[in-house]
Amino acid sequence: MIIAVDGPAASGKGTLAGLMADHYGLPHLDTGLLYRQVGMLWRPFEHDADADARAVEIARALDASSLDADVLGTAENAQAASKVAALPEVRQALLQFQRDFANQPGGAILDGRDIGTVITPEADVKIFVTASAETRAGRRAKQFEKRGETMDFDALIADIRERDARDSGRKDAPLKQAEDAHLLDTTDLSIEATLRAAVAIVDAVMARKAE
Ligand code: C5P
């Protein structure tokens with residue numbers, strides 16, 4: 001079974017995908033980490049004349065086996081990720097790795113922005129996770145607190161809105177709900193309730209397929 005989870009910044013899709021992976025015993029890939037790794041390595045070259053070419057070079061040389069979610073979790077790496085993610089050649093360089101992960105025997109769960117639309121349009125189940133920008137900023141603030149960092153709430157909302165606008169506005173593989181994706185608005189849901197709702201969606205789709 002292949003499950004595609006997409007959604008805007010800090011929507012909780014990564015947490016949800018991790019819990020669903022445990023629930024169904026599926027391997028999980030947080031595809032945002034790939035873009036964050038490229039973004040982090042690219043930051044020193046961001047203002048160079050050949051910045052775009054550098055990003056492509058870094059994406060092509062990416063070692064996806066050593067992604068450290070803690071190191072990659074900063075707001076600076078997120079912003080850099082969303083800038084390099086707008087480059088079609090960067091996306092192309094990361095495409096096959098994600099497709100291979102999705103198509104491994106037994107299936108997988110991937111979360112990102114274009115999983116249901118571009119990476120694995122044939123996924124068995126697609127879920128588009130969303131929540132209000134305020135709720136997402138509040139959740140992100142808690143994550144930063146756990147890391148011992150304090151972030152200004154208004155700065156977090158601005159960061160989220162800026163990334164959403166860039167991710168939705170880009171030409172190549174923009175953030176958007178696939179036509180056959182199930183919308184899951186988690187604004188008023190706890191993580192437990194979100195997991196229950198997502199499992200209900202997956203189980204219903206799979207039961208229908210088995211008929
Ligand atoms: O999911 P996360 O917030 O870690 O993603 C960081 C950035 O990577 C996003 O803002 C987006 O620009 C990019 N991304 C993407 N496609 C994906 C996953 C992430 O463009 N499948």
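Q: How many cavities of 30 Å³ or more does a search of the whole structure find?
A: Two. Keep in mind that this is a predicted model.

Q: How does anyone find empty space in a set of atoms?
A: A probe the size of a water molecule is rolled over the atoms, and that shows where space is left empty.

Q: OK. How much space lies in the largest cavity?
A: About 40 Å³.

Q: And which residues line the largest cavity?
A: Arg36, Gly73, Thr74, Ala75, Ala78, Arg140, Phe144, Leu156, Asp159 and Arg163.

Q: Which helices supply at least two residues each there, in the lining of the largest cavity?
A: Helix H5 (75-84), H8 and helix H9 (153-169). H9 has the largest share, with three residues.

Q: How does the lining of the largest cavity split by class?
A: Four residues are nonpolar, two are polar and four are charged.

Q: Now the second largest cavity. How much space lies in it?
A: About 30 Å³.

Q: What lines the second largest cavity?
A: Its lining is made of Ala4, Asp6, Lys126, Ile127, Phe128, Lys176, Gln177, Ala178 and Ala181.

Q: Which strands each supply at least two residues of that lining, around the second largest cavity?
A: Strand S1 (2-6) and strand S4 (125-130) do. S4 gives the most, three residues.

Q: And by class, what does the lining of the second largest cavity have?
A: Five nonpolar residues, one polar and three charged.

Q: Let's switch to pockets. How much space lies in the largest pocket?
A: About 1,200 Å³.

Q: How many residues line the largest pocket, and which lie nearest its centre?
A: The lining has 43 residues. Nearest the centre are Gly14, Thr15, Asp30, Arg140 and Gln143.

Q: Which helix gives the most to the lining of the largest pocket?
A: Helix H8, residues 133-146. H8 contributes six residues.

Q: How do the residues of that lining, in the largest pocket, divide?
A: There are 16 charged, 14 polar and 13 nonpolar residues.

Q: What about the ligand? Which space does the ligand take?
A: The ligand takes the largest pocket.

Q: How many residues surround the ligand, and which are the closest?
A: The count is 15. Arg36, Arg91, Arg113, Arg163 and Asp167 are the closest.

Q: Which helix has the largest share of the shell around the ligand?
A: H2, with three residues. Helix H2 (32-42), H5 and H9 each supply at least two residues of that shell.

Q: What classes make up the shell around the ligand?
A: Eight charged residues, four polar and three nonpolar.

Q: Zoom in on atoms. Where does the side chain of aspartate 167 come in?
A: An N or O atom of that side chain is 2.6 Å from an oxygen atom of the ligand. Aspartate 114 puts a polar side-chain atom 2.9 Å from a nitrogen atom of the ligand. For lysine 13, an N or O atom in the side chain is 3.4 Å from a ligand oxygen atom.

Q: And what percentage of the area that the ligand exposes alone does the protein bury?
A: The protein buries 97% of it. Taken alone, the ligand exposes 450 Å².

Definitions and conventions. Residues numbered from 1 in each chain as written. Predicted model: local features only at pLDDT ≥ 70, side-chain atom pairs only at ≥ 80, totals over all residues. Heavy atoms only, no water. 1 Å grid on protein atoms, 1.4 Å probe; cavity = no way out; pocket = protein on both sides within 12 Å on 5 of 7 lines; lining within 4 Å. Points joined across faces, edges and corners; volume = space filled by probe spheres on them. Helix = DSSP H or I, 4+ residues; strand = E, 2+ residues; numbered from the N terminus. Nonpolar A, V, L, I, M, F, W, Y, C, P; charged D, E, K, R; others polar. Near = heavy atom within 4 Å. Polar contact = N/O pair within 3.5 Å; in protein donor to acceptor, adjacent residues only side chain to side chain. Areas by Shrake-Rupley, 256 points an atom, 1.4 Å probe, with all protein chains shown as cover. Sits in = over half its atoms within 2 Å of the grid points.
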